[in-house]
Amino acid sequence: ALLLVGCTNSQPQLPSNKVEKDNSFEKIAEFNRLMVETEIRAIEHYVDSLQEPFLRFDDGLYMYEQNKVSGDSIVKGDVVTIKYKITLFDGTECYNSETDGNKTFVLGTRSVERGLESCISLLHKGSKAKILIPSFLGHGVLGDLDCITPRTPILYELEIIDLKKNE
């Protein structure tokens, strides 16, 4: 006896040596692009609500220098000490100098948020400023695993209280 079996599936089968293209990288990149666009719109809305003269930089940072101070420029290798307060856009205060102490760091060593370093180099000892840092220049997709949640922009209010020049 001979048994013949047929297939009624009209879809052609892929040869076993062919694999469908994996486009998960493109999907992740597109998702990230949409998240960044959404965050930028939220930051723009927040800046408008503050009604303060923030300057917008090409990389997405916003800074409002509350007092114009002259003096030595702050450059890579200089030791900077700031008094600060970090808040979320909903007003949640995450960190401040009064409870956590002043922050001292060497500019250019990536020991603070990338967005903070960028703006510090535009200021001088005695400067007071507000800096809006998007998550991609701050704590990124993970947050700080404490108070700053994933993909969250932050507001720094700071004063540069000391500057030691790199000799």
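**Fold, disulfide and salt bridges of the predicted chain**

From the N terminus on, the elements of the chain run α-β-β-β-β-α-β-α-β-β. The chain has 3 helices and 7 strands. Helices (H or I, at least four residues) and strands (E, at least two) are DSSP runs, numbered from the N terminus. The model is predicted: local features need pLDDT of at least 70, side-chain atom pairs count only at pLDDT 80 or more, and totals for chains, interfaces and linings use all residues. Residues are numbered from 1 along each chain as its sequence is written, and side-chain values use heavy atoms, with hydrogens and water left out.

Of the 167 residues of the chain, 34% count as buried. Buried means under 20% relative accessible area, exposed over 50%, and partly exposed in between (1.4 Å probe, protein chains only). The chain exposes about 11,000 Å². Carbon and sulfur atoms supply 52% of this area. Accessible areas come from the Shrake-Rupley method with a 1.4 Å probe; for residues, only the protein chains shown count as cover. A contact means heavy atoms within 4.5 Å. Among contacts between residues at least 6 apart in sequence, 67% join residues at least 24 apart.

Helix α1 covers residues 24-50 and has 27 residues. From its first C-alpha to its last, α1 reaches 39 Å, close to the 39 Å expected at 1.5 Å a residue. The expected span is 1.5 Å times one less than the number of residues. Glu 39, Ile 43, Tyr 46 and Val 47 are buried in α1. The buried residues of α1 pack against β2 (62-65), β6 and β7. Just after the helix, Gln 51 takes a positive phi of about 55 degrees.

The count comes to 1 disulfide, defined as a pair of cysteine sulfur atoms within 2.5 Å. Cys 94 and Cys 147 form this link, with their sulfur atoms 2.3 Å apart. The pair links distant parts of the chain, 53 residues apart. Cys 94 lies in strand β4 (residues 93-96), and Cys 147 in the loop between β6 (128-133) and β7 (154-164). The link is left-handed, with -65 degrees about the S-S bond. Cys 94 is buried, at a relative accessible area of 13%. Cys 119 is also buried, at 1%.

The structure holds 9 salt bridges. A salt bridge is a side-chain nitrogen of Lys or Arg within 4 Å of a carboxyl oxygen of Asp or Glu. In one of them, Arg 33 meets Glu 37 (2.3 Å, N to O). Both residues lie in helix α1, 4 residues apart, about one turn of the helix. Arg 33 is partly exposed at 37%, and Glu 37 is partly exposed at 33%.

Another salt bridge joins Lys 130 and Glu 52 (3.1 Å, N to O). Lys 130 lies in strand β6 and Glu 52 in the loop between α1 and β1 (55-56), so the pair ties together parts that are 78 residues apart in sequence. Lys 130 is buried at 13%, whereas Glu 52 is partly exposed at 23%.

Lys 125 and Asp 162 also meet in a salt bridge (3.8 Å, N to O). Lys 125 lies in the loop between α3 (114-120) and β6, and Asp 162 in strand β7, so this pair ties together parts that are 37 residues apart in sequence. Salt bridges that share partners join Glu 30, Arg 33 and Glu 37 into one network.
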